[in-house]
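Subject: Structure handover

Hello,

Here is the structure we spoke about, with its sequence. Please open it first, then read the notes below.

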Amino acid sequence: MFCPECRMEYVEGVFLCPDCRVPLVAELPPGPTTEFVEHVTVFTTGNSVILAMAKSVLEGAGIRCFVKGEVLQDLFRIGTAEIRVGKEDEERAVRLLQETNFSPGEGE
Ligand SMILES: [Zn+2]
């Protein structure tokens, strides 16, 4: 028997998790439902300076974010990087970036 909350395994005969006080289940639901986070892109830029600034704004607000792709500081090939955050932080992140007045995609 397993606790669906803390995922601890218990011996037969136990029907309630003493820690979480929830009924045990015979099998855990597939996949870690609590840890799965869907990520969405909130910012795209080809400018590494703007990218770093945007990232620090988000991190300063306590939003966990990561960068997908990279900005190539090359005169001829400018790459594009995306800042991705968890879906739950999407609205906050977008609003923050709007308030900070970054212009995505603007780069020379
Ligand atoms: Zn439990």
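**Salt bridges**

The count of salt bridges comes to five, taking a Lys or Arg side-chain nitrogen within 4 Å of an Asp or Glu carboxyl oxygen. Please keep in mind that this is a predicted model.

Start with Glu59 and Lys55. They form a salt bridge, and their closest N and O atoms are 3.2 Å apart. Both sit in helix α1, residues 48-60. They are four residues apart there, so about one helical turn separates them. Glu59 counts as partly exposed, because its relative accessibility is 43%. Lys55 is also partly exposed, at 26%.

Next, look at Lys68 and Glu82. This salt bridge has its closest N and O atoms 3.9 Å apart. The pair links distant parts of the chain. Lys68 lies in strand β2 (residues 65-68), and Glu82 lies in strand β3 (residues 81-86). That puts the two residues 14 residues apart. Lys68 has a relative accessible area of 43%, so it is partly exposed. Glu82 is partly exposed too, with 23% relative accessibility.

Glu82 has another partner. It forms a salt bridge with Arg84, with 3.6 Å between the closest N and O atoms.

**Arg84**

Arg84 is in strand β3. Is Arg84 buried or exposed? Arg84 is buried, because its relative accessible area is 18% and the cut-off for buried is under 20%.

Its side chain also makes a polar contact with the side chain of Thr41, at 2.8 Å. Leaving aside residues up to four places away in sequence, Arg84 touches His39, Val40, Thr41, Arg64, Cys65, Phe66 and Lys68.

**The zinc site**

Which atoms coordinate the zinc ion? They are the SG atoms of Cys3, Cys6, Cys17 and Cys20, at 2.2 to 2.3 Å. The angles subtended by the four donor atoms run from 102 to 118 degrees. The arrangement is therefore tetrahedral, because four donors count as such if all angles lie between 85 and 135 degrees. For reference, the ideal angle for four tetrahedral donors is 109.5 degrees.

In sequence, the donor residues follow the spacing C-x2-C-x10-C-x2-C. Cys6 and Cys17 both lie in the segment before β1 (39-45), so this pair ties together parts that are eleven residues apart in sequence. Cys6 is partly exposed, because its relative accessible area is 34%. Cys17 counts as buried, with 0% relative accessibility.

**Helix α2**

Now turn to α2, residues 90-99. Ala93, Leu96 and Leu97 are buried in this helix. They cover an arc of only 95 degrees around the axis, so they lie on the same side of α2. What covers these buried residues? The cover includes β1, α1 and β3.

The face turned away from the buried side carries exposed residues. These are Glu91, Gln98 and Glu99. Just after α2 comes Asn101, which takes a positive phi of about 70 degrees.

**The whole chain**

How many helices and strands does the protein have? There are two helices and three strands. From the N terminus on, the order of the elements is β-α-β-β-α.

The protein has 108 residues, and 26% of them are buried.

**Where to look**

Another is the zinc ion with Cys3, Cys6, Cys17 and Cys20 around it.

Best wishes

Key: Residues numbered from 1 in each chain as written. Predicted model: local features only at pLDDT ≥ 70, side-chain atom pairs only at ≥ 80, totals over all residues. Heavy atoms only, no water. Buried < 20%, exposed > 50% of the residue type's maximum accessible area, 1.4 Å probe, protein only. Polar contact = N/O pair within 3.5 Å; in protein donor to acceptor, adjacent residues only side chain to side chain. Contact = heavy atoms within 4.5 Å. Donors = N, O, S within 2.8 Å, 3.2 Å for Na, K, Ca; no water. Tetrahedral: all angles 85-135°; square planar, octahedral: opposite > 155°, others 65-115°. Arc of directions from axis to C-beta.
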